[in-house]
Amino acid sequence: METTRTTSMPGAAYVVCKGHGLPHIEKGADPQHFALLFDGDVEELLSEYWGGASVPARDFYRALQDIRFAVNRVKNGGAR
């Protein structure tokens, strides 16, 4: 299966709003850097996002908050 990687939290939130699950989080060499990995090819959805496509604001906000929470958990060493 193909994996799509992005470092854009807003782009990832758009992909989640379009029906994909939350991305896997991959830490970078620097603790402040990370990548968001989606199972499957979501390049078209990311292109839609960068082209100005929209989704309901409430859904986008919730997806962005979920992704931020997941990234912060990974950055801080997981669940406590």
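Me: What should I know about the model before I start?
Reply: Residues are numbered from 1 along each chain as its sequence is written. The model is predicted, so local features need pLDDT of at least 70, side-chain atom pairs count only at pLDDT 80 or more, totals for chains, interfaces and linings use all residues, and side-chain values use heavy atoms, with hydrogens and water left out.

Me: What is the mean pLDDT of the protein chain?
Reply: pLDDT is the predictor's confidence in each residue, from 0 to 100. Here the mean is 92, and 96% of residues reach 70 or more.

Me: How are two packed helices described?
Reply: By the angle between their axes and the distance between the axes. Axes are lines fitted to C-alpha atoms over the stretch in contact, and angles run from 0 to 180 degrees between N-to-C directions. In this structure, α1 and α2 pack at about 115°, their axes 9 Å apart. Residues in the contact (heavy atoms within 4.5 Å) include Tyr14 of α1 and Tyr49 of α2.

Me: Why is the pair of Tyr14 and Tyr49 called tilted?
Reply: Rings of Phe, Tyr and Trp (its six-membered ring) pair if their centres lie within 6.5 Å; planes under 30 degrees apart are stacked, over 60 edge-to-face, and the rest tilted. The Tyr14 and Tyr49 planes stand at 45°, with ring centres 5.7 Å apart, so this pair is tilted. Tyr49 and Trp50 have planes at 75° and centres 4.9 Å apart, so that pair is edge-to-face.

Me: Which residues do ring pairs link into a cluster?
Reply: Tyr14, Tyr49, Trp50 and Phe60.

Terms used. Helices (H or I, at least four residues) and strands (E, at least two) are DSSP runs, numbered from the N terminus.
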